[in-house]
Amino acid sequence: MQAGNWDMSVQMFSQCAKLVPHNLTYRQLLRNSTKKKYDENGKGAGTIAKTKLISLRSKVKKLKKAEEWEEAMALAEEGLLLNPWDAQLNVDVAECSMQLDMGEIARFAYMEAVKAAEKDKDIHLAFAELLENRGEFSEAFKIWERIGKIDPKDVNVSRKLSALAARQATADANFEGAETASEAALHKNFAKDSRSTHGQEGDTETALRHQIRREPEQVENYIKLARHLKQSKKYEESYEVTKTALEVSGGDPGIREQLEDAELLLMKHNVDLAKERANETGDPEHRKQVAELSKEWRARRIEVLSAREQRHTQNMNIKIELADLVMQLQEWARAIPLLQKASQDPRLKTRALVMLGKCFMYDNKMALAKGQFERAVPGLNAEAQPETYKEAHYLLARVCEETGDNEKAINHYGEVLVVDYDYKDANARMEKLQAS
C-alpha cells in the first residue's frame, strides 16, 4: 500500500480475508485497495468485466438459493475484485455474512452497498433492519431518514423514526434505569417540543398528557410521557403508559420491548426499596424478601433477553448480557456459546474472552480457560480497565498455578501487584511460588 502497488496489495488482502473471514479490518483494507487499483473511478474494471460480472451474479444467486453461503460469499468477493462499487455484490456479501454469523462484515458490506446505490430503497431497508437487530438504533434512525428522502410518500417512515428514537433512549440502560447521554438529549428535545407547542416552560408531564388528549392515536405522545415519567422515577406510571402505547400501536415489536424494559425497571425499583427497608430494620424476613425479589428479577431478565437473543441474532450486547446472567446461575454450558459469538465483535472481544475464561475455569477445563485468558490480557489496559485487568491476570495466574506453569503464574501475579498490591491473595501466592 505504501508503495502504491495496488495489485499486490489486493492479492495479499484477498488472501487474508479468505484465511480469516471474520476479520473486518482485512475486508476493509481489501476493498480500499481495490478501489485504489481502479483510481477511485467508481466503476471498477469497466466494460471488459461486464460479461464476467453478469455470470458471477447469476452463480451467486443460485448458490444463495441453495443456501451454500460460503461458496456464494467467495464468488461475490471475486466479483468485487472487478468492481468494488457493485451494489448487488456488496448486498450478496452482507446476506451471506448474516447467515454465517459475521455481523461486522455484513454491516460493512451493507454500508458499501448504500454508498453505491444511494437511491435504492430496498437496500436501505435491509441495512436499517440489520442495524436495528444489532441494537444500533441511532444508526438505523439515520438510514430511515434517508429512506424518507428516497420515498417521501412512505407512511412507515415517521412511525419507524419514532420507534427507533424511543428504543435508542432506553438502549444500553442495562435494565437499571441508567440515563444515557442519548436519552437525556432526546428528553431535552421532547420537553422543548412540548414547551413550544403549548407556550410554557412549566409542567412537562401536564403538557404531554394534554398532547395525548388532543392526539390519542399518536403513539409517540405516549412514548414521550412514559420516558418523562421514568426520568421522574414514577416507574409504575411509566409502565402503565407504555402498556397503553403498545395497545395504540397495534402491538409494535419495538414498543413491546420498551414495555419489557419498563417492567424490568419497575422490578429493579422494588428490589431497591426492599433492600432499603431490610437495611433499616435488619429483619431476616425482609432480607429474605430481597433475595426472592432479586431472584424473580433475574429470572425475568433472562426470559426477556433469551427471547431477544433469538430475534436479534446480530446484537452481541444481548448475548454478552445474557451470558453474564446465566453465569450467575453457574450454567456454563449455556453461557459459553453466547460468549464465543460475542467475542467476534471487536468492541466486546476482550470482555467476552475474560468471561469465557471464567466459564471454562469454573467448569474445570483449565487448558481452555488458560487459552481464553491469554487471548484477553493483551487487549487490557490497567488504567482504562483496572478491575478487569486485575481479575484477568489474577485468574490466569491461578490457572497457570493449577496447571503447574509456576513461572507464568508468578509473572501474572506480578502484573496484578503492580496495579494493586493488596489484591486478594496475589502477594501471598506469589511469595509461596517464589519460595518453592
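Q: Cys 400: buried or exposed?
A: Buried: Cys 400 has 0% relative accessibility. Buried means under 20% relative accessible area, exposed over 50%, and partly exposed in between (1.4 Å probe, protein chains only). This is a predicted model, where local features need pLDDT of at least 70 and side-chain atom pairs pLDDT 80 or more, while totals for chains, interfaces and linings use all residues. Numbering runs from 1 along each chain as its sequence is written, and side-chain values use heavy atoms, without hydrogens or water.

Q: How many disulfides in the whole structure?
A: The search finds 0.

Q: And what about Cys 96? What is its relative accessible area?
A: Cys 96 has 0%, so it is buried.

Q: Switching to rings. How many aromatic pairs does the count give?
A: The count is 4. Rings of Phe, Tyr and Trp (its six-membered ring) pair if their centres lie within 6.5 Å; planes under 30 degrees apart are stacked, over 60 edge-to-face, the rest tilted.

Q: Why is the pair of Tyr 110 and Phe 127 stacked?
A: Their planes meet at 25°, so Tyr 110 and Phe 127 count as stacked, with centres 6.0 Å apart.

Q: What does that pair tie together?
A: Tyr 110 is in helix α6 (residues 103-116) and Phe 127 in helix α7 (residues 121-133), so the pair links parts 17 residues apart in sequence. Helices are DSSP runs of H or I, at least four residues, numbered from the N terminus. Both Tyr 110 and Phe 127 are buried.

Q: What geometry do Trp 332 and Tyr 362 have?
A: Tilted: 5.3 Å between centres, 40° between planes. Trp 332 sits in helix α17 (residues 332-342) and Tyr 362 in helix α18 (residues 349-362), so this pair joins parts 30 residues apart in sequence. Trp 332 is buried at 13% relative accessibility, whereas Tyr 362 is partly exposed at 45%.

Q: Which residues form one aromatic cluster?
A: Tyr 394, Tyr 413 and Tyr 423 do.

Q: Now voids. How many cavities of 30 Å³ or more?
A: There are 3. On a 1 Å grid over the protein atoms alone, a cavity is a set of points where a 1.4 Å probe fits but cannot get out; a pocket is an open set with protein on both sides within 12 Å along at least five of seven lines; lining residues have an atom within 4 Å of a point.

Q: How much space lies in the largest cavity, and which residues line it?
A: The largest cavity holds about 70 Å³, the volume being the space filled by probe spheres on grid points joined across faces, edges and corners. Its lining is His 22, Asp 101, Met 102, Gly 103, Glu 104, Arg 134, Met 316, Gln 344 and Asp 345.

Q: What volume has the second largest pocket?
A: About 350 Å³. Of its 15 lining residues, the closest to the centre are Ala 17, Lys 18, Met 73, Ala 74 and Glu 77. Helices α1 (6-19), α2 (24-37) and α4 (69-82) each give two or more residues to this lining. The largest share, 6 residues, comes from α4.

Q: Last one. Which helix holds Ser 238?
A: Ser 238 is in α13 (residues 235-249). At 6% relative accessibility, Ser 238 is buried. Beyond neighbours within four places in sequence, Ser 238 contacts Ala 226, Leu 229 and Lys 230, where contact means heavy atoms within 4.5 Å.

Technical notes
Disulfide = S-S within 2.5 Å.
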